[in-house]
Amino acid sequence: MKESTMDTTEKSPDNREASQKKETRDTPDDKSKTNGKNEIKRSRTKKEIKEPQQSEVKELTPSQIVAELDKYIIGQDNAKKSVAIALRNRWRRKQITDSLREEIMPNNIILIGPTGVGKTEIARRLAKLTNAPFVKVEASKFTEVGYVGRDVESIIRELTDLGVTIVKSERAIEVQKKAEYMTEERILDIIIPPVKKRSEDSAAQPATLGFTASHTETDKEDNFKTREKFREKLNSGELDDRVIEVDVNADGMPMMQVMGPMGLDDLGVNLQDLFSSVMPKKSKKRKMTVKEARVALVQEEAQKLIDMDSVIKEAIERVQEYGIVFIDEIDKIAGPHSKSQGPDVSREGVQRDLLPIVEGSSVTTKYGMVRTDHILFIASGAFHVSKPSDLIPELQGRFPIRVELNSLTEEDFVKILTQPQNALLKQYEALLKAEDVVIEFTNDGILEVARIAAEVNEQVENIGARRLHTILSTLLEDILFNTPDKIKEKKFNVDKNMVQDKLKDIVKNRDLSRYIL
């Protein structure tokens, strides 16, 4: 920068005047081009904002939903069909324009089946299939109102928080380009500070009257050229390792915890948001590389460009129309209707608290009131000890669709080991590939693993597909432990003989298998 400044000071007056004239000729065009680009950006931004946001929620046909679930879950066709129909009915309801739309309520589903057959996995995959707000909760974590713990209304608050996060991330993508441009300008302002305007008093002094304008215009031109050179270096990554000092927003107030029967989560109040509107945000100076500064500043600029009022409005609408709540382990709050003591005292109370939320009510959140009339609820439970009829009758009526999931057979285990995209055998092959070791499972070896898994499930305890995890970890324990320092082999074949040798003692000794498998 110093060299460029010295070069301009050594120019003759004629050159100064020529450069000044050139700048005066170029500046209006540049400004018009810049203004044109800004107008195009503004028009694009406005157009994007005006587009209906409901298209953001993926709408799949029932057959497409089942096809996606088949990639990860073996069998359980009835459960997949019921879930697919329930999801599609939400889109069908949105196409109805008259008042009948408000009268159509979702058909909540309860999945009944032993552990390890895919109930929770269906919920996990549903969350990835649709972009709708989806929350999975454990029924056993909630307590009746008045007892220490979380009440059931926190489910809706959590769902609303998730909805706001989803919409906010979508808006951040929309303003990403503009945020990157503003970040680029901020970094360039730090590296190449813009030319400061002379004060009116100094500009009016007679001694500098003849040279003020030319000096100012020349400085601006040199500053502009230098900024453009550094902009090219910035975009090419040449300045990524350069350390600069950046003003970033300081961390907000630490979260405070209220000791007592109700916490901040239940009150729906966030003290950080409460005080941020009263107290101004503080900024602090931090030294970081240009690469790190770009990441931090892009997020900061994106937050400034996002209209939180519209985000909250759309998020609440999306939660009310497309929200899905998966209540796992609902059998843990079911029990005989006789008077019970101890930890079971609030079980039936949790069921009573769930009733108004599942049926439809308004829940207070920090973003406003959220209606639960059209939120889809999917419950699941193994019901080993209790039965679905042990739930209070009112709650049973709120889940009209019951789907029983089948226990897994030996054939299902073979498919689980080989067919899904995240199959266990593929996972172990990828893990050992990191050590440059190739492991291959023969067909007879896979059949033997499936046979042993089915046999142990019958003899000890039926834990479904989770039995495959225990068997494979025991089978491959020596290879995983001794690779790569003690075993120099780069290829292993897992066949029927190897499976039998590793697992024969454990399968025969029933007492030992209780602890290991």
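Guide: A charge sits over a ring if NZ of Lys or CZ of Arg is within 6 Å of the ring centre and within 35 degrees of the ring normal. This is a predicted model, so local features need pLDDT of at least 70 and side-chain atom pairs 80 or more, while totals for chains, interfaces and linings use all residues. Residues are numbered from 1 along each chain as its sequence is written, and side-chain values use heavy atoms, leaving out hydrogens and water.

Visitor: Which ring does the charged end of Arg88 sit over?

Guide: Take that rule for a charge over a ring. Arg88 has its charged end 4.0 Å from the ring centre, and the ring belongs to Trp91.

Visitor: And Lys233, whose face does that one lie over?

Guide: Here the distance to the ring centre is 5.2 Å. The ring under Lys233 is that of Phe230.

Visitor: What is Leu60 in contact with, leaving aside neighbours within four places in sequence?

Guide: Contact means heavy atoms within 4.5 Å. Leu129 is 69 residues away in sequence, yet 8.6 Å away C-alpha to C-alpha. The contacts of Leu60 are Ile65, Arg88 and Leu129.

Visitor: What residue in β8 stands opposite Ile324?

Guide: Strands (E, at least two residues) are DSSP runs, numbered from the N terminus, and two of them pair if DSSP finds at least two bridges between them. Four bridges join the parallel strands β5 (residues 324-328) and β8 (residues 376-381). Opposite Ile324 stands Leu376.
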